[in-house]
Amino acid sequence: MELSREEVRKIAELAKLDLTEDEVDLYAGQLSHVLGYFRKLQEIDTSAIAPTASVLPLKNVFRDDVPQPALTPKQVTANAPQSLGDQFLVNDVFED
Amino acid sequence: MTNLTELTLTQARALLKKREISATELAQETLDQIAAHDGAIGAYLTVTGERALADAAAADKAIAAGDDRPMLGIPLGIKDVLSTTGIETTCGSKILEGYKPVYTATSVKKLEDAGMVMLGKLNMDEFAMGSSTENSAYKRTTNPWNTGRVPGGSSGGSAAAVAAGMALGTLGTDTGGSIRQPGAFCGVVGLKPSYGRVSRYGLVAFGSSLDVAGPLTKTVADAAAILQVIAGHDPLDATSMDVPVPDYSAALTGDIRGLRVGVPKEYFIDGMQPDVERSTREAIAQLKALGAEIVEISLPHTEYALPVYYIIAPAEASANLARYDGIRFGKRIDTGDMWGTYKATRGQGFGSEVKRRIMLGTYALSAGYYDAYYGKAQQVRTLLKRDFDEAFQQVDVIAAPTTPKTAFPFGANTSDPLQMYLEDVFTLPASMAGVPGMSVPCGFDQDGLPIGLQLIGPAFGEENVLRAGHAYEQATEWHRRVPVLG
């Protein structure tokens, strides 16, 4: 499994990570190595095996909809790197 | 009493109750121990000294008034991945530098409600991704037994603090071995409860189908005492199971006659350190001498746990860590536009291993590769779980090594991620199956480094694990050895 630098850049774009050129080189090599090791799983025939997403015998967990105390807007925005009053400050989402 | 920091949690509790020692002197001695030795060990990211002394003063008052809560006056440390109101919680990452949660993790809240004295927050691999604590963005934690060796990870600070007498017990978290492996490396008890036994509310998410909080302590009885407090259903975590919590102290009888102990042949592999194999086999012989029935078993899919884990956990992490976008908390590198801000914040805020795992997980979930990687891994996870289901038809508990080798030198595995991942081969299967596992000290290698015996039980069967571990501990002296600090 060889991962090209182009593929590494594409994954980084999907994951929204700025990578330096050195990091692209590093990850191309390391991820190729690790993904190669993962090929081991193809040894097993799983055609009749159901997937496990959770080990617990739970399906939907319901509760009554009871009003409860919640965090205040001041608490919610307390850790925001940039805020205005009780609101998060973000960059423009829509372009002109 | 010579040194209060050498007490076990259970001993301290008894002395506090009889008022032979005060919570204040216990807290002060522990803080003094931290001041004297944490410069060399580096277990703590934050020491909450004032808070500890205030908690201790309140505990002394409560004890005088006849209060008997289970953690009253006991000084404990908390891994920095568990949210603590008003106390910086970084997860070992620069992206969360300065973050002070406005709520407290349920596991921590339960210890607070039980009267604990809060010592502070403990170092870890960034976002709990690592096996040596070398991935912390803040500092190096050393192994108290040999400061040239790693303490294990990701709960390296939690394990080192207990080994060095800088806490009577700590909370760690375990996703693929992060309590058990550092427990083994530092010569302390490390208990990963069943998935769903302890609430994940406030545990900053890494792999949501795997993460679980649990104790690191000096003895099995101490681990049982902490588990008793933190276990149980929590309406704030839909994956915490609503099943009764047994009285764990009832398992501490010392009697394991007739207990069926399975020994999986897949856990004794080529390349494992001979001292580790020898100590593990001696421990199993000790269990037999105590009256346990030893049964050779097979967990045939063991060798696939590593690729399964390193697909599923990074896949879950890549989704969970999408929340670090520079808007609601933590670091923000503002480039003036939305996408640029996301990418710069995440590119500069995350460390190398975290980015590597986000990349791995994103790839495994991406169009065209999902079935071959993530889907396949989930199917093999079914087989791993089935291995344990079948084994526990035959035996009550499984005994195996916790790690293939003892603590390695700093830098030994940093250039080769796959080699680092291989450190977890014996702890990953129990994580994938969601079953409880505990590492108990069972000897030392020729360099004087601790070795851990791993005991694995069926889901929600922590009693069997505690029963076997406690009986073993009563019959041996390993847990009484303490490192000589510089």
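How many salt bridges are there between chain A and chain B? The count is three, where a salt bridge is a side-chain nitrogen of Lys or Arg within 4 Å of a carboxyl oxygen of Asp or Glu. In one salt bridge, the side chains of A:Lys40 and B:Glu303 meet at 2.7 Å, N to O.

Colleagues, a word on conventions. This is a predicted model, in which local features need pLDDT of at least 70 and side-chain atom pairs count only at pLDDT 80 or more, while totals for chains, interfaces and linings use all residues. Residues are numbered from 1 along each chain as its sequence is written, chains are lettered from A in the order in which they are written, and side-chain values use heavy atoms, with hydrogens and water left out.

I turn to the interface. With contact taken as heavy atoms within 4.5 Å, 53 residues of chain A touch 69 residues of chain B. The two chains bury about 5,400 Å² between them, 66% of it on carbon and sulfur atoms; buried area is the accessible area (1.4 Å probe) that two parts lose on being put together, summed over both.

Finally, the cavities. On a 1 Å grid over the protein atoms alone, a cavity is a set of points where a 1.4 Å probe fits but cannot get out, and lining residues have an atom within 4 Å of a point. The whole structure holds two cavities of 30 Å³ or more, a volume being the space filled by probe spheres set on the points, which are joined across faces, edges and corners. The largest has about 80 Å³; of its 15 lining residues, those closest to the centre include B:Ser178 and B:Asp424.

Notes: On a 1 Å grid over the protein atoms alone, a cavity is a set of points where a 1.4 Å probe fits but cannot get out, and a pocket is an open set with protein on both sides within 12 Å along at least five of seven lines; lining residues have an atom within 4 Å of a point.
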